[in-house]
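Dear colleague,

I am handing over the structure below, together with some notes on what a search of it turned up. Please read the notes with the structure open beside them.

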Amino acid sequence: MLNKSFSFQFSVFSFSIFLIFNFSFLISVGQSFTNSPYSRFGLGELQYGGFASNIPLGGIYNALRNDTTAPYFINTSNPASHSSLRLTAFDFGVRSNFTKLETTGKKFSSNQTALSHMALAFPVTKWWGASFGLLPYSSVGYKIHTEQSQDSIGTVKYSYQGEGGLNQLYFGNGFRIKNFSLGVNAAYLFGDLVFSSRDSFPSGSGFYNTRFSQTTRVSNFYFTLGTQYKIQLKKNWSLTLGATGGMKSYLKAKRSTFAATYTNYFGVEVMKDTILNDQDVKDTVIIPMMFGGGVVLKKGDKWLFGFDYSLQQWSSFSSLNQAGLLKNSQRISFGVQYVPNKSAGTKESYAKKIFYRAGFRYASSYLDLNNVQLKDRAITFGAGFPLKKIKVGDTYSQSIINVAVELGQFGTTENNLVREKYVKVILGFTLNDKWFIKRKYD
């Protein structure tokens, strides 16, 4: 028999550490979250921050923080919110994208499913919370094949392909002084932007085929700051104000470009002449300053209303030979959440414990093509399904399964552009537990 022995709790969070460091490979290599031709420009398709818990709320994050009771979530976009954690939280998710691409004369559908994120957050003290994880920052993914009939040559086939993107390995800390919280995220951005193309001429035309490939390897640190201030109002209402900002950052880049002519002999590619071969040419990718603000109004733990606005000055982006191509991006989001009775007992209807969420998002993207700044608009909804409460120490932990759905549209068919209609489904698992419990044995 053991008396008052002190032991470390082996729990799902030990396994979570294993997942973050071993399955990070799946996120950083070989996964694409998009099938959009627009991901050819800038840094690719930027991935909005957020998990399945806040995406149904239009993706609001600036003033979003935890209640005083479980289930606890992770808000990676505003590090000040880490100070509201009372238990350790581990969040991971899977995302499926269903996209229909439309031009004035053609339609094309695609879908892909990928592991979307992993993050771990934990309270260090009652006034200090920390978090780390691996998240996507941008994604590149498209394949385009066309052909054109040329006089005296025949049918020439053209193909264009892009893949890769940037990921961020982040470490964030949030500190609370009474009702005011301040936080900082330090993220290491890394990844490859890979583009290639081929022109294939018919055999016997007298022309050599050509192929082109370019890989830009990007890496460096990126810092974001966040603040939150909570005001307790009358009749159990509370108001939280939040703000975030990202400093202008200079990322190191190395670009390798190769172009050559070749022929095909019975399916075997034989290179003829090298046109261009530049390896590891140094460059700098500048991520412009970003700032945003938001407000969340809550009535107890039953009602939540939130609004966000953010702006990023992409018009100053001049890297990757894309000066003047990007515009300042803006985004507004609104969300509402309702829980009939968060603390309902086991004999009451489970429907009373479910978190019901809805919202919308409208954004002017950073892309300006053919004199049209592309817009993104989506309605969002979802729900959180809490699991059984478990007594841990002097409190309760409660994990939750979150489902988020986005129905949206990006781009337009005007001016020979492409419109994307998409459905995104995110399944997230947020596990709550407590580390280092002092257990007693009789």
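A search of the whole structure finds eleven salt bridges, a salt bridge being a side-chain nitrogen of Lys or Arg within 4 Å of a carboxyl oxygen of Asp or Glu. Please bear in mind that this is a predicted model, in which local features need pLDDT of at least 70 and side-chain atom pairs count only at pLDDT 80 or more, while totals for chains, interfaces and linings use all residues. Residues are numbered from 1 along each chain as its sequence is written, and side-chain values use heavy atoms, with hydrogens and water left out.

One of these salt bridges joins R211 to E269, with the closest N and O atoms 3.1 Å apart. Because R211 lies in strand β7 (residues 209–232) and E269 in strand β10 (residues 268–287), the pair ties together parts that are 58 residues apart in sequence; strands here are DSSP runs (E, at least two residues), numbered from the N terminus. R211 counts as partly exposed at 24% relative accessibility, and E269 likewise counts as partly exposed at 35%, where buried means under 20% relative accessible area, exposed over 50%, and partly exposed in between (1.4 Å probe, protein chains only).

D376 forms a salt bridge with R361, the closest N and O atoms being 3.0 Å apart. Since D376 lies in strand β15 and R361 in strand β14, this pair ties together parts that are 15 residues apart in sequence, and both D376 and R361 are buried.

Strand β12 (303–312) gives the most to the nonpolar patch, with four residues. F334, which is found in strand β13 (residues 329–338), counts as partly exposed at 31% relative accessibility.

With best wishes
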